[in-house]
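Here is a short report on packing inside one protein model. Keep the structure open while reading.

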Amino acid sequence: MTVSMVSMCTSASKAATRTASHSAYPSFASYVRARQPVLLRTARSLTANPSDAEDLLQTALTKTYVAWDRIEDHRALDGYVRRALLNTRTSQWRKRKVDEFACDELPEPEATPVADPADQQVLRDAMWRAIMKLPARQRAMVVLRYYEDLSEVQTAEVLGVSVGTVKSAVSRALGKLREDPELTPVR
């Protein structure tokens with residue numbers, strides 16, 4: 001180490017010792033404990049992300065701590081910190097990376113066709129009319145299986161029949177629904 005580096009380290013160490021022994025830190029710590037929730041709400045109003053708000057408040061409080069000895073009127077600390085929050089956020093905003101570039105054509109995604117709700121309602125109505133044409137037992141099994149989303153075993157238990165009866169009845173019902181002339185145009 002050279003003599004100049006030793007003297008710099010010594011002077012920096014002395015300055016740190018003076019700052020640590022100064023009574024500003026306990027006062028600053030008590031200020032932060034008392035006002036942090038309010039200041040955090042202010043920071044959240046300046047950012048969209050709660051984590052960014054915490055970082056913003058941390059930066060503003062660091063700037064406030066550095067200037068603590070120079071602040072003459074400690075009754076105006078909230079204003080000082082709010083100004084530090086605003087200035088820091090403005091600096092961040094100015095430094096942000098811009099990912100948008102002007103171009104001749106708009107890069108719009110291709111329009112995806114959206115199903116017409118009226119067509120969907122027509123399909124539902126046609127399906128219910130076709131289901132209502134089924135015999136009561138088949139209709140009950142189709143509704144339990146596909147509208148109530150019960151398994152074959154659960155359907156058999158609800159209706160008090162065997163699983164094989166449910167399978168065969170549902171199969172016949174689906175065959176009738178496939179042949180229904182009202183549902184043919186939908187396919």
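Start with L39. Beyond its neighbours within four places in sequence, L39 contacts Y31, L57, L61, D78, V81 and L85; contact means heavy atoms within 4.5 Å. This is a predicted model: local features need pLDDT of at least 70, side-chain atom pairs count only at pLDDT 80 or more, and totals for chains, interfaces and linings use all residues. Residues are numbered from 1 along each chain as its sequence is written, and side-chain values use heavy atoms, with hydrogens and water left out.

**Nonpolar cores.** A nonpolar core is a set of buried Ala, Val, Leu, Ile, Met, Phe, Trp, Tyr and Cys residues joined through side-chain atoms within 4.5 Å. Buried means under 20% relative accessible area (1.4 Å probe, protein chains only). The largest core has 17 residues; Y31, L39, A43, L57, L61, V81 and L85 touch the most other members. Helices α2 (24–46), α3 (50–66) and α4 (77–95) each supply at least two residues of this core. The biggest share comes from α2, with six residues. Helices here are DSSP runs (H or I, at least four residues), numbered from the N terminus. A second, separate core has eight residues, including A126, I131, V142 and L177.

| Residue | Helix | Relative accessible area |
|---|---|---|
| A130 | α5 (residues 117–133) | 2% |
| T155 | α7 (residues 152–159) | 0% |

Leaving out residues up to four places away in sequence, T155 touches M141, L144, R145, L150 and V166. With the neighbours within four places set aside, A130 contacts L177, D180 and L183. The C-alpha atoms of A130 and K176 are 8.6 Å apart, although 46 residues separate them along the chain.

Notes: Buried means under 20% relative accessible area, exposed over 50%, partly exposed in between (1.4 Å probe, protein chains only).
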